[in-house]
Amino acid sequence: MKAIVYNKYGPPDVLQLKEVEIPRLEDHQVLVKIHAASINFGNLVLLKGEPYLARLAFGLFKPKYSIPGGDIAGRVEAVGKDVKEFQIGDEVFGDLSGCGWGGFAEYVSVPENALALKPANLTFEEAAAVPMAGVTALQALRDKGKVQQGQKVIINGASGGVGTFAVQIAKSLGAEVTGVCSTKNVDILQSIGTDHFLDYTKENFTEKTERYDLILGVNGHHPISAYKRVLNLNGRFVHVGGSGSQMFQAMVLGPWISMTEGKKMGTFLQRANQKDLNYLKKLLEDGKIKPVIDRCYKLSEVPAAFRYFEKGHAQGKVVITI
Ligand SMILES: NC(=O)c1ccc[n+]([C@@H]2O[C@H](COP(=O)([O-])OP(=O)(O)OC[C@H]3O[C@@H](n4cnc5c(N)ncnc54)[C@H](OP(=O)(O)O)[C@@H]3O)[C@@H](O)[C@H]2O)c1
């Protein structure tokens, strides 16, 4: 099969399209013929081995996993003898980041609990855009942010992969949503039902008088003290991504603020799981959310896709058609 392979950390140029063996199928695994995959920030960490701490998990001196790629959508080609949930021919989607990666390839063997049935109304490209970004947005809002119906939520970095899902999931949970984006992305946020917009190139929401029940820090940066200022009493700030200093502040100062003031502030790490994939499947099939795709690349163009994604200005998701 064809796959994107690398054997040293580095820029996207270290990725090469090669002919490799189709992965062996274990008894508890499903062999998926991959039709589409997508890029997330975690892929960049895996590619570059940065921050260095990540090498403890991904390989100290060279990558432990030679085929990158986490989010996939495809069709089941074969099933191991212990597999219960899937049959040959099923259309599936999933996140492989917790089970060895391998998504930028024509085939992958994965444990069945990394997969869910693909939403029937989505193309493979649309389905591949969902798993990590969608689950991250869901867990940040529902589990960490404890969002409630009628609450005022602001999403800083609303126009990228995670942000476009966060806006729609927050709306589906009954929140009033403000999206922070730049001028060129206002149309995108409008098309997915955002209630209010703030253009970060023109105004700084942390300096305004409006207060929020929940702030999701997905991209961009403001000091944690600035976020705290515009939170209602009992409000929450959830750091999802953005700059390293923002993460540091959320990890170090967040717990202190949470203990001493009536506001909860902190960071979180998403956990891939089948239950949340199925939760998103239902929202997608009910038409409550839809993936926003910026552009699609071919498997041979994965390095170019990474070069585009790492600029940090994708409008929705960057997808690979296989
Ligand atoms: N905690 C977790 O478990 C977890 C899981 C997944 C991802 N993440 C993190 O989530 C973050 C976002 O991921 P993503 O996939 O959504 O990234 P992405 O798709 O690359 O986000 C790009 C978007 O961010 C916007 N943006 C850039 N600078 C901004 C600023 N100063 N203010 C507001 N928006 C800005 C861009 O809009 P413009 O082009 O207009 O600037 C663009 O639309 C990353 O830092 C990633 O590490 C965390």
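From which domains does the shell around the ligand draw at least three residues each? They are domain 1 (2-130 + 291-321) and domain 2 (132-267), with domain bounds that come from an automatic or database domain assignment.

A word on conventions. This is a predicted model, in which local features need pLDDT of at least 70 and side-chain atom pairs count only at pLDDT 80 or more, while totals for chains, interfaces and linings use all residues. Residues are numbered from 1 along each chain as its sequence is written, and side-chain values use heavy atoms, with hydrogens and water left out.

Let us begin with the ligand. There are 26 residues around the ligand, and those that come nearest are S159, S182, Y200, Q270 and A314; a residue counts as near if one of its heavy atoms lies within 4 Å. By class, the shell comprises 9 nonpolar, 16 polar and 1 charged. Here Ala, Val, Leu, Ile, Met, Phe, Trp, Tyr, Cys and Pro count as nonpolar, Asp, Glu, Lys and Arg as charged, and the others, Gly among them, as polar.

I turn to the polar contacts, that is, pairs of N or O atoms within 3.5 Å. An N or O atom in the side chain of S182 is 2.2 Å from a ligand oxygen. For the side chain of H313, the distance from such an atom to an oxygen of the ligand is 2.7 Å. G160 takes part through a polar backbone atom, 3.5 Å from a ligand oxygen. Taken alone, the ligand exposes 940 Å², of which the protein buries 89%; these accessible areas come from the Shrake-Rupley method with a 1.4 Å probe.

Next, the sheet. Six strands, in the order β10-β9-β8-β11-β12-β13, form an open sheet with parallel pairing. Strands are DSSP runs (E, at least two residues), numbered from the N terminus, and two of them pair if DSSP finds at least two bridges between them. At the edges, β10 (196-199) and β13 (264-267) each pair on one side only. Strand β9 (residues 176-181) runs parallel to β10 and is joined to β10 by 4 bridges. Within β10, H196 is the bridge partner of T178.

Finally, the backbone. The peptide bond from E50 to P51 is cis, with omega near 0°. W101 is not a glycine, yet has a positive phi of about 55°; this residue lies in the loop between β5 (91-95) and β6 (107-111).

How values were computed:
Polar contact = N/O pair within 3.5 Å; in protein donor to acceptor, adjacent residues only side chain to side chain.
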